[in-house]
Amino acid sequence: MRIKSFFVFLLISISSIGAFAQKQSLTEKADEAFYAQQYTIAVDLYKTAYADISLNRQERDRILFHQAECYRYMDDKDQAIKTYQRLVKARYYISQPKIFLHMADFQRFKGDWDEAETNYKEYLKLVPSDELAQRRLSSIALAKSWMQKPTKHQIKNERNVNTEWNEWFPKFLKPDNTDELMFTSSRSTGDESSMDVWTGEFLSSIFTTQKLKSGELSEANPFVEIDVNSDNANEGELVILSNGKLKNYYFSRCNILKNKGLNCAIFSRPIQPAKGKKQNKPKEALGKAATSQDADQTFVKLDLGDTTYNYLHPAVSSDELTIYFSSNRPGGQGDYDLWKATRENTNEPFSSVTNLGKQINTEGKEQFPTLRSDTRLYYSSDGLAGLGGYDLFYTEYKNDEWTEPVNLRYPINTQYDEIGIIFNPNEDESIAAEESGYISSNRAGGVGGDDIYSFYRAPMLFTIKGLVRDDKSMQLVEGAKVRLIGSDKSSVETRTDRNGGFEFTETQVKYNVNYTVQVSQIDYMNEEANESTVGLTTSKDLVRDFRLKPIAKEPVVLPEIRYDLAKWDLKDQYLDSLSDLLVVLVNNPYYVIELRSHTDIRPFPQVTNDTLSQRRAEAVVDFLYSRGIDRERLIPRGYGDRIPRTLLRDTESDFNGKQYIFPKGVTLTESYINSLKTHGEREAAHQLNRRSEFRIVRTDYVPSEMLDSLEDAALNKPIVDMVKGNKPLPITNVPIIYSDNNIKLTMINGNKSMLYMILNGANVPVVYDERYRDAAVMDWDVAMNFLLSGRITKDDFRDKDKAFDKEGNILDESVLTFKTAFIGKHSADKYEVLVKKGMTEKMIVNKNGIANFGRFTLDKAKAELIFEN
């Protein structure tokens, strides 16, 4: 019994020892595969090892963590997240805080923004100084806003060329030909294709595809121009450059070393040594290119640093003197960085390897560089703020440094991985230009893993258009000159059409330019406004309407200019007062003005007031002439004290630090000033009379050089006509036709009669109808005639400019107020009428419409309207 028991115990012990040794051996094999980056092998070994271990909790958690890391490196997001969540429950984050970071990365990748935000915050509680995690957390808000406001790119999956495997890094086979593309794929190249234990897919190779007449890509074939593809390594990211008749090839190649990880390097066609020099770089054959008979297809591995590290994804400048690549070599910012190497000429090897710096690289991975031009670099990064996994960025080399990377945003980028981009050649690099090309992405809805996608963005087009109106009448102004001046030194000119419209087309309006729009027309003050296409992200028709102010008929008083007693010299401190007038003259080169200078009523013994005022006016002319204004445009007039000032509004005047206010409508005559109570008031009034003012007397000035060569008589007809003296006829007032209190009526029937009103100086026949509902109604056509003749303006309407449609027509049932209204000698203050369309009479009033002029009675027998005194 004991013997039996002993043998049983011995068998159990031996079995346990063997099992324990087997377990340790399995874990060691899993670890060995893991550190050799053979994750598909390692994950299965870890699964088996984890199932067998039941006693050591710490070892179980370690194995589970490595299992999660295998899923992460294999890009199996769902399994990685599930495994990380199990580790969180086991509180393994105490020793491995990055569990939260990796889980958040995959959740952000899947678009689970809220869960990702929560886990980034949990990680930052444990590692608050991690800038990469801070950047990824902040990018969630950016990603949401970018997806809500996408760019105008249209994305299309090129399904003919994609498979269930991975296709990535599209390039044109020839730089100037978009009909044939090459790309890298992990699909099978034949019946005996080898598998990659690192990825679990076929070894990657270069393939080509043709663009069909439909614009789609054809099915792909292995690249056969030269024997780049091999049977025992991963090849990818091929770049072809033409240097005369010679083509040069650069590509990545990753050897799978037994019991070790990948060893990746960049290869190129052999560099021919310069005369008298020996080439010391070792050759390394690829596939069939290893034969001596085929030496021109032999490639060399570029020496870019310690071969312990990986060197991938070449991008080569057009002169082949600079190569950009991605590497995990030490001295960088993070995992994989972008680096560059240079050489003096193409017969020398690359050297002087330098990191592109913190502006480009992050604590994450920067890979897949590609050059659109020698100074614009595109690449993928998972460390910069983006939408999810790898996003595409570009940077430009300016002033000896790289600019801040720009995210290409959604839908070029998504929360998935975007790696590799190529643009159709000969396209403007401006963000407003037409843009098309290809990217690779593993976004949702694809055929396999990474797929090839085409993209297209229609060009952004811009126009600037508008209407030009008379600011007073709201009528559209025909023939106004409109000039568009750009910050890019461009200048183009047009004229408004019969409808007052102007337009600058998309061929005239460019992206990223600030524009000034200048509008001028005879008898109007010039106007200008600014428009800009800087920073716009979509096509846009910019609209800018103008209202030209008719030239004032009354003199315009200049800002105060004071002179020494009996002097006419302009003091320096008052020269700025003339700057507004100078601007008016510069912006309105056809104006001729009268410069009027006035004195107060008090004489000086040294000089008369007339002489003093004339010399002061001439001093202003001299000043303007010295600033480039032709003398022929300036008429000096000294009026002495003969025209006392009439105040058009309440006006302030200071004397000895005290302010005095003089009411609107006052004329500062000698008698008025002498009636003022205090010496200060009188001096302040005298000061208002001492003034300089200008009045526009003509708008037909044409410089002599323009008269000799008017380039386009049709465009300049308004100027030519003015020069020849073709003036418009003035509008005359109608005399009052009633002279006493009894207004004769013309009887129409028992309830209606007709009389005349004088509204703003124009005679209007009016039907008086006691039964009419509204007090005073004017026919729309009559009101429009008032508007077009200048007797009313938009300011006379209750709704101002809102009383007009876009063509400048008065809106039906607008309320119009006449400044003056008379029936005979009887007047009404601010007489209101309602404007209506389709009336049979020019104007109709009822009792209330007449009552505004005074108390009256109607004598129907005598056909008279009798006003009381």
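Arginine 62 and glutamate 59 are three residues apart in helix 3 (residues 57-74), and therefore about one helical turn separates them. Their side chains meet in a salt bridge, with 2.9 Å from N to O. This is a predicted model, in which local features need pLDDT of at least 70 and side-chain atom pairs count only at pLDDT 80 or more, while totals for chains, interfaces and linings use all residues. Residues are numbered from 1 along each chain as its sequence is written, and side-chain values use heavy atoms, leaving out hydrogens and water.

**Terms**
- A salt bridge is a side-chain nitrogen of Lys or Arg within 4 Å of a carboxyl oxygen of Asp or Glu.
- Helices (H or I, at least four residues) and strands (E, at least two) are DSSP runs, numbered from the N terminus.
- Buried means under 20% relative accessible area, exposed over 50%, and partly exposed in between (1.4 Å probe, protein chains only).

**Salt bridges**
- The count comes to 43 salt bridges.
- Glu594, Arg596, Arg637, Arg691 and Glu693 are linked in a network of such bridges.

**Arginine 443 and glutamate 418**
- The closest N and O atoms of this salt bridge are 3.3 Å apart.
- Arginine 443 lies in the loop between strand 20 (435-441) and strand 21 (451-457), and glutamate 418 in strand 19 (residues 418-423), so the pair ties together parts that are 25 residues apart in sequence.
- Both arginine 443 and glutamate 418 are buried.

**Aspartate 600 and arginine 690**
- Aspartate 600 forms a salt bridge with arginine 690, with 2.7 Å between the closest N and O atoms.
- Aspartate 600 is buried, at a relative accessible area of 3%, whereas arginine 690 is partly exposed, at 32% relative accessibility.
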